Every structure is written in structure tokens, then in C-alpha cells.
Amino acid sequence: MATASNSFISLAQSLPPRLKTFLARYPPLSILPPGAALAPSKALTFYQRETPNPFLPRKHPVTGKWHDPKYSLRRQAELVKLAREHGVEELLPYTEKGTETKLAKRVEFGLRVKGTGQGERVKGHKHERTLVGKMEKRRKAMIEMPELIREWKKVGKRSWSKFPR
């Protein structure tokens with residue numbers, strides 16, 4: 001047991017200061033002592049009592065007004081990146097910037113680029129829209145070209161002037 005706690009202590013000391021400060025203010029219930037789970041209100045820090053999840057907006061109990069999250073989306077993303085680098089991302093509270101949340105959204109919504117879905121088309125410029133038809137005409141002309149050349153050779157040089165241009 002002592003070696004496990006020593007390894008946790010060394011891991012905590014190796015974390016960057018921003019991550020250490022955050023985890024000190026908002027420790028996850030999973031790392032609190034066993035007796036703390038029975039009485040979580042006593043085990044919670046002042047910061048946790050004020051805002052249980054600092055990444056989510058909250059409604060003031062008296063006025064009913066919404067307050068912004070304690071950590072902006074940019075700061076949330078930075079904390080998540082730091083935690084991911086040090087292997088402690090699962091200790092952070094729920095956030096939209098978390099890896100699991102982002103993967104779940106990617107699975108749910110897909111790539112979300114217009115025109116990539118089934119039966120969708122991107123409007124594009126006129127030369128882009130008409131390109132397929134032009135290339136088909138060119139392909140057909142190239143296939144018929146040997147026959148056309150043979151016909152011209154039969155007719156001869158003087159008769160070409162009779163063809164309308």
C-alpha cells in the first residue's frame with residue numbers, strides 16, 4: 001500500500017503547476033480517502049462547494065441568473081491537453097473539450113462538410129459544375145477521333161474546304 005501511495009505522490013509531484021493547482025482545488029472523488037465518499041460535503045473543497053464542475057455554466061440559486069464557467073473554453077482545452085500528456089485526463093470533470101466527448105461527437109455527427117453526405121452536392125463555381133460534362137464530351141471525341149481521321153483522309157485535302165467551319 002505504501003509503494004502505491006508513493007507512486008501516486010511522485011506522479012502528483014511530476015505534474016505541471018497549473019494541473020496541480022486545478023486538481024488541488026477540484027479533486028475527483030475517486031482519489032479522496034474512503035471515508036470521504038460517505039460524507040462528500042465534508043470532503044469537498046471550498047471551490048467544489050461553490051461550483052461542482054468549473055467547466056460548466058451554472059445558475060445562481062437566488063437570482064436565477066446564469067454564470068459563466070470558471071474556466072473558459074480555451075483554458076479548458078489547455079488543461080485537457082496537459083492532463084492528456086501526463087496521463088491524468090480521466091481525473092478532470094466533464095468538459096466539452098475532453099477526448100471522449102470529442103470522439104463521441106465525431107461518431108455522432110461525422111465529418112460535417114457540406115457535400116460529403118450521401119446524395120449531397122456542393123454548389124461550386126460554374127466551371128467546376130460543368131467539368132464532368134465537358135470531360136465526357138472530350139472522352140467521346142477522343143474515342144471517335146481515329147474514325148474521323150480516316151474519313152478526312154478519304155475525302156482529301158481539297159474537299160475539306162467544303163466542310164462548314
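**Notebook: surface, fold and pockets**

I began with the surface, and in this model, which is predicted, the protein exposes about 13,800 Å², of which carbon and sulfur atoms supply 60%. I then looked up burial and noted that 16% of the 165 residues count as buried, taking buried to mean under 20% relative accessible area.

Next I went through the fold, where I found eight helices and two strands, arranged along the sequence in the pattern α-α-α-α-β-β-α-α-α-α. For contacts between residues at least 6 apart in sequence, I recorded that 39% join residues at least 24 apart.

I turned to the pockets after that. The largest pocket has a volume of about 380 Å³, and I listed its lining as S5, F8, L11, A12, L15, K20, L23, A24, I31, V88 and L91. The elements giving two or more residues to this lining are helix 1 (2-14) and helix 2 (17-25), and helix 1 gives the most, with four residues. Sorting the lining of the largest pocket by class, I noted nine nonpolar residues, one polar and one charged.

For the second largest pocket I wrote down about 200 Å³ of space, with a lining made up of V80, E89, E90, L92, P93, Y94, T95, G98, T99, E100 and T101. Helix 6 (residues 99-109) supplies the largest share of that lining, three residues.

How values were computed: Residues numbered from 1 in each chain as written. Predicted model: local features only at pLDDT ≥ 70, side-chain atom pairs only at ≥ 80, totals over all residues. Heavy atoms only, no water. Buried < 20%, exposed > 50% of the residue type's maximum accessible area, 1.4 Å probe, protein only. Contact = heavy atoms within 4.5 Å. Areas by Shrake-Rupley, 256 points an atom, 1.4 Å probe, with all protein chains shown as cover. 1 Å grid on protein atoms, 1.4 Å probe; cavity = no way out; pocket = protein on both sides within 12 Å on 5 of 7 lines; lining within 4 Å. Points joined across faces, edges and corners; volume = space filled by probe spheres on them. Nonpolar A, V, L, I, M, F, W, Y, C, P; charged D, E, K, R; others polar.
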